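Here are my notes for your first look at this model. Please keep the structure open as you read and find each residue in turn.

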Amino acid sequence: MSNFLVLFVGELQRMKKYHILGASFVIALLWITILHLIEIQNVTSIFPLLLFLDATSMSILMIGVTMFFEKQEGSMKSLLVSPINKFEYILAKTGANVVSNLLTLTILFTYAKVFKDLELSLLWLIFAVIIISFFHSLLGFLLTYYSKDFTELLMGMMKYSFVFIIPVLLDQIGLITNDIFAKLLYMIPTKASMVLLNASTGAVETWEIVFSIIYLVIISSGVFFIVLKKHDEFALKESGV
């Protein structure tokens, strides 16, 4: 556990050094600009959409950015010869990413509460963002493992967005009217993520919430196992051993 805390603090310092925390703050300002410019005072229905975009796409991207910076610095060689447990390394990096998403949530929620009307449960949003960003941070590991460079990572993220994020967004804003297609969306993790964020309004069926939590916990466990298993292979390849 002591190693985890050291790695976690080190990861936050690296995110600050690589200006990733600064970039997250800029993205939060972008979401605030959107909230400010829309002529709707009650942003309760829009707020989960912004968090959805941030906790899914940004979680993947931030993991990729930190790992490619580490690759450029040759940090993988150091990691291979250090007494660091890869389980703690992955957990620390993922945890730092979750903290970044929670900071964005805090900034957005504070703005919306002060300048707009917002009727959402902050505690539930925190719970939802932790689960969603944890799962998508793990996906960031997988995409980075199979990307030769940052451009390829971005392409992978775009493919994920087209298949898993955009359909859920279209469903959320009511552009998908086909019942069968709408039900098929429950098979993908981004739909479960959207359900959890919408649950903060208190207007989601209990079975949907329970199903989404169980779904994301199970799929996160599976992806974590794969990330753990593939880590040595990635570290050896990137270190040139």
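1. Start with two helices. The model is a predicted one. In it, the axes of helix 3 (residues 47-73) and helix 7 (residues 150-172) come within 11 Å and cross at roughly 170°. Angles over 145 degrees count as roughly antiparallel, so helix 3 is roughly antiparallel to helix 7.

2. Which residues make the contact? Helix 3 gives Leu49, Phe52, Leu53, Thr56, Ser57, Ile60, Leu61, Gly64, Val65 and Phe68. Helix 7 gives Phe150, Leu153, Leu154, Met157, Tyr160, Ile165, Val168, Leu169 and Gln172. Sort the contact of helix 3 with helix 7 by class: 15 residues are nonpolar, four are polar and none is charged.

3. Now the aromatic rings. How many aromatic pairs does a search of the whole structure find? The search finds 13. A pair of aromatic rings is described by the distance of the centres and the angle of the planes.

4. Take Tyr186 and Trp207. This pair is tilted, with 5.8 Å centre to centre and 35° between the planes. The two residues are 21 residues apart, and the pair links distant parts of the chain. Tyr186 sits in the loop between helix 8 (179-184) and helix 9 (189-198). Trp207 belongs to helix 10 (residues 206-239). Is Tyr186 buried or partly exposed? Its relative accessible area is 22%. Buried means under 20%, so Tyr186 counts as partly exposed.

5. Tyr186 has another neighbour to check. Lys191 lies over the face of the Tyr186 ring, at 5.1 Å from the ring centre.

6. Helix 9 is mostly covered, and 10 of its 10 residues are buried.

7. Next, look along helix 10. Phe211 and Tyr215 form a tilted aromatic pair, with 5.8 Å centre to centre and 45° between the planes. Why is their spacing about one helical turn? Phe211 and Tyr215 are separated by about one turn because they are four residues apart in helix 10. An α-helix has 3.6 residues a turn, so residues three or four places apart point the same way.

8. Compare the exposure of these two rings' residues. Phe211 is partly exposed, with a relative accessible area of 34%. Tyr215 is buried, at 18%.

9. Last, find a cluster. Ring pairs link Phe87, Phe134 and Phe224.

Conventions. Residues are numbered from 1 along each chain as its sequence is written. This is a predicted model: local features need pLDDT of at least 70, side-chain atom pairs count only at pLDDT 80 or more; totals for chains, interfaces and linings use all residues. Side-chain values use heavy atoms; hydrogens and water are left out. Rings of Phe, Tyr and Trp (its six-membered ring) pair if their centres lie within 6.5 Å; planes under 30 degrees apart count as stacked, over 60 as edge-to-face and the rest as tilted. Buried means under 20% relative accessible area, exposed over 50%, partly exposed in between (1.4 Å probe, protein chains only). A charge sits over a ring if NZ of Lys or CZ of Arg is within 6 Å of the ring centre and within 35 degrees of the ring normal. Axes are lines fitted to C-alpha atoms, for helices over the stretch in contact, and angles run from 0 to 180 degrees between N-to-C directions. Angles under 35 degrees count as roughly parallel, over 145 as roughly antiparallel, 65 to 115 as roughly perpendicular and the rest as oblique. Contact means heavy atoms within 4.5 Å. Ala, Val, Leu, Ile, Met, Phe, Trp, Tyr, Cys and Pro count as nonpolar, Asp, Glu, Lys and Arg as charged, and the others, Gly among them, as polar.
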